[in-house]
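Here is a short report on how one protein chain packs its inside. Look at the structure first, then read on.

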Amino acid sequence: MLFGLLSARKNALKERKRRKKTRICLRFKKNCRTFVNKNQAPMKDEFCAERLKSARLAARLSLEELSVLTDKAVTRQSLSNYETKRMCPRESSLCIIAKALGVSPEYFKNRGLKIDLPTLRSTSYGPLTAKEERQIQNTLVFLAERYINYEKQARMTTTFHNPLQGFEVSNQQQAELSALMLREHWQLGNGAITSVCRLFERKGIKVLEAELPCDILGLSTWGEKQYPLIVLNDDRTLSTPERTRFTLLHELGHLLLTIAKENKPERLCNQFAACFLLPRATLIEEVGSQRDFVTMDEAIDLHKTYGISVAALIHQMKDLCIISDEHYNYWFDEIINKNKIEKGWGQYPFDERPQREKRIISIINHSKHIG
């Protein structure tokens with residue numbers, strides 16, 4: 001009888017422990033559901049940590065500075081955890097971060113603005129790694145989406161029409177003709193262009209700056225198939241104002257011209273850029289239709305007046321048959337190749353940097369202040 005009582009008591013204790021454990025589990029599950037519903041945490045596979053870091057770096061912000069922009073609603077530690085994938089942000093936190101950076105929350109979920117894969121112009125023409133390509137894409141999407149959002153806030157949206165749509169370019173003469181057609185359409189005449197960057201911004205081309213691999217001077221692509229985008233390397237020690245002008249026009253050639261791959265697009269875009277900077281008729285008026293030689297003083301004067309490098313100028317003179325192949329080779333073998341950065345040959349007086357986005361931000365900030 002005593003054994004039976006002990007056994008019953010033991011079974012009762014086991015049952016009480018089982019019920020207690022069940023109640024704890026149910027309470028935990030309920031709390032978890034409440035936490036998820038309250039904080040609206042996105043699925044981990046939706047949030048892209050790489051995009052958050054790319055956006056912060058493109059905006060030139062430290063973790064602490066970004067936290068300050070959120071009014072400390074998102075802490076520095078939380079931002080660090082999000083970027084390193086140790087934590088996944090709540091939907092509400094994601095919206096706060098997106099607002100601070102000037103983009104939509106969809107950007108951080110690999111959605112938002114869609115761009116074509118950029119055509120890269122590299123001094124080495126070396127292939128990018130998959131990681132570099134992904135980083136550039138993330139940065140470009142962020143910069144473009146932020147720019148477009150700023151335009152909408154300031155009510156300064158622009159539309160762009162390609163005047164050269166459908167014009168096929170397969171040789172030097174067609175590249176030169178396309179440059180003249182675009183100059184005529186934009187009513188530029190044949191004179192010098194003070195600022196290529198300003199011209200592009202007036203015409204609706206979005207020019208941006210970003211940290212790019214050191215061998216990439218610029219890249220171009222289309223956003224949503226309607227926004228022409230050109231991004232310059234923000235490290236200006238890698239280039240000169242003249243080379244930046246040429247890079248801008250070279251990338252414009254990639255955006256506007258229809259060139260088959262077998263027709264050497266890089267060379268044709270170079271010819272387009274040179275003829276746009278300094279048209280044939282203008283160059284002939286300056287130096288004549290045929291020359292036995294060109295002096296350094298002449299080259300420097302044209303270089304400083306038209307914002308074209310000495311190397312590009314000599315290339316163009318050869319392409320237009322103004323100088324002979326022999327004199328062209330002399331210039332490169334004896335002069336240009338010995339001073340590739342053209343140090344001491346003067347400099348174009350206007351710095352080519354995008355300014356429109358800064359002006360738009362100032363309008364937005366002023367509107368907030370008076371509002």
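## A covered helix

This is a predicted model. Start with helix H13. The cover over its buried residues includes helix H7 (172–185), helix H9 (241–256), H10, helix H11 (280–287), helix H12 (296–306) and helix H14 (325–335).

H13 spans residues 310–319, and eight of its ten residues are buried, so the rest of the structure largely encloses this helix. The buried residues are Val310, Ala311, Ala312, Leu313, Ile314, Gln316, Met317 and Asp319. After H13 comes Cys321, and its phi is positive, near 60°.

The largest nonpolar core has 57 residues. Trp186, Phe200, Leu252, Phe276, Leu283, Ile314 and Met317 touch the most other members. Helix H10 (residues 265–277) gives this core its largest share, eight residues.

Take Leu252. Setting aside neighbours within four places in sequence, Leu252 is in contact with Leu182, Trp186, Phe200, Ile205, Ile230 and Phe272. There is also a second, separate core of 42 residues. Among its members are Phe47, Leu94, Ala210 and Ile360.

## A buried lysine

Now turn to Lys206. This residue lies in strand S2 (residues 206–210). Is Lys206 buried or exposed? Its relative accessibility is 2%, and buried means under 20%, so Lys206 counts as buried.

What does the side chain of Lys206 pair with? A polar contact of 3.3 Å links it to the side chain of Thr158. Leaving out neighbours within four places in sequence, Lys206 is in contact with Tyr147, Ile148, Glu151, Thr158, Tyr227, Pro228, Leu229 and Ile230.

Notes
Residues numbered from 1 in each chain as written. Predicted model: local features only at pLDDT ≥ 70, side-chain atom pairs only at ≥ 80, totals over all residues. Heavy atoms only, no water. Core = buried A, V, L, I, M, F, W, Y, C linked by side-chain atoms within 4.5 Å. Buried < 20%, exposed > 50% of the residue type's maximum accessible area, 1.4 Å probe, protein only. Helix = DSSP H or I, 4+ residues; strand = E, 2+ residues; numbered from the N terminus. Contact = heavy atoms within 4.5 Å. Polar contact = N/O pair within 3.5 Å; in protein donor to acceptor, adjacent residues only side chain to side chain.
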